[in-house]
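Visitor: I would like to learn how to read the interface between two parts of a protein. Please show me the structure and take it step by step.

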Amino acid sequence: MMKTATALQQTATQHFYEDVVKGLTGTPKYLQSKYFYDAAGDALFQQIMHTPEYYLTRCELEILSAQAVAIADALGATPFNLVELGPGDASKSFYLLKELHRRHPEQAYFPIDISENIITQLQHALPARLQGLQVQGLCGEYIDMLKTTAYFSPRRKVVMFMGASIGNFTPEEAVKFCRRLREQMNPGDLLLIGFDLRKQPQMILDAYNDGQGVTRDFNLNLLTRINRELGADFDINQFHHFPTYDPLTGACKSYLVSNTAQEVLLGEHVIRFRKDEPIFMEISQKYSVDETRQLAAAAGFRPVQHFFDNKRWFTDVLWELSQNHNAL
Ligand SMILES: C[S@@+](CC[C@H](N)C(=O)[O-])C[C@H]1O[C@@H](n2cnc3c(N)ncnc32)[C@H](O)[C@@H]1O
């Protein structure tokens with residue numbers, strides 16, 4: 001039976017509550033970064049993209065604006081549906097969309113995002129900018145929604161996963177995630193995936209610690225969201241943002257650290273914090289080009305073509321399914 005919008009919202013809130021309770025009663029404490037993206041989180045992320053320290057956006061924008069023709073060529077002439085996982089405001093992928101729409105106006109675009117706000121915005125904004133573009137927004141989790149695209153159209157698909165969002169998984173989780181992606185793909189389908197590459201460590205750390213404090217506010221906003229949607233009583237002034245980068249592992253991690261010993265009410269739970277106790281908020285894993293190749297091989301993909309920015313700080317890589325991969 002079809003669930004009403006209210007019932008779906010109640011289920012989503014219940015999952016949110018259960019995940020937050022699990023994370024904050026665990027040791028060490030953590031929150032899942034997918035919950036950053038309510039309407040305020042979306043807006044803050046868009047501000048982060050424009051901070052001087054957040055080089056990732058400028059690098060990927062350079063790739064997509066300067067090399068849209070080459071990328072479109074590499075995607076091949078057979079018609080396909082373009083599926084984008086977590087497009088955010090799609091301000092970078094827009095350049096590729098524009099080139100593809102010029103070549104194949106009949107082609108449909110399926111943005112998949114956990115943020116309803118993002119899906120609503122894209123459904124309005126994109127057809128206005130690209131006349132006649134069919135936009136079928138899908139609000140939900142990456143893999144769940146990817147599965148549904150097969151019902152809309154039998155065409156082959158090109159899946160985009162940009163902005164180094166793959167870095168929000170640990171390397172082990174990334175292998176599992178890419179294998180799950182592969183299970184939803186067929187021969188002829190392609191994956192265009194963005195990686196932030198290893199570079200000067202301070203530059204990486206600064207990207208997650210901008211001088212205006214927008215990244216700090218983005219992290220703290222999740223506590224505000226938990227207060228609003230789950231009725232908790234976090235005092236956000238009693239936590240501070242603490243990013244780290246380990247150049248050995250390539251893991252950039254963000255924490256919110258409790259300024260003091262304190263208790264927070266969350267439904268029937270009392271969450272106790274020690275002074276200086278961290279909540280792990282997000283990983284942004286950095287890769288070498290070799291490590292991206294290893295990930296592709298471990299997940300059953302074969303890199304076809306790399307697209308780099310001029311500084312080679314970032315790469316969008318086109319992967320096809322490797323033929324002899326089995327026993328996933
Ligand atoms: C870091 S932003 C990147 C946006 C865009 N790709 C870019 O490069 O600017 C991540 C986006 O993915 C969405 N997202 C995060 N986790 C998700 C999940 N598990 N399923 C679906 N969407 C998710 C967020 O709502 C957000 O729009």
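Guide: Start with a term: a polar contact is a pair of N or O atoms within 3.5 Å; within protein, one must be able to donate a hydrogen and the other to accept it, and residues adjacent in sequence count only if both atoms are side-chain atoms. Across the interface of domain 1 and domain 2, seven residue pairs are in polar contact, both residues at pLDDT 80 or more. This is a predicted model: local features need pLDDT of at least 70, side-chain atom pairs count only at pLDDT 80 or more, and totals for chains, interfaces and linings use all residues. Residues are numbered from 1 along each chain as its sequence is written, and side-chain values use heavy atoms, with hydrogens and water left out.

Visitor: Which residues make up domain 1 and domain 2?

Guide: Domain bounds come from an automatic or database domain assignment. Here domain 1 is 16–37 + 212–285, and domain 2 is 55–200 + 287–321. Contact (heavy atoms within 4.5 Å) takes in twelve residues from domain 1 and eleven from domain 2.

Visitor: How much area do domain 1 and domain 2 bury between them?

Guide: Buried area is the accessible area (1.4 Å probe) that two parts lose on being put together, summed over both. For this pair the value is about 900 Å², with 46% on carbon and sulfur atoms. In domain 1, Lys34, Ile283 and Gln285 lose the most area to domain 2, together 59% of what that side buries.

Visitor: What does Lys34 meet in a salt bridge?

Guide: A salt bridge is a side-chain nitrogen of Lys or Arg within 4 Å of a carboxyl oxygen of Asp or Glu. The Lys34 side chain meets that of Glu141, at 2.5 Å from N to O. Between domain 1 and domain 2 the count is one salt bridge.
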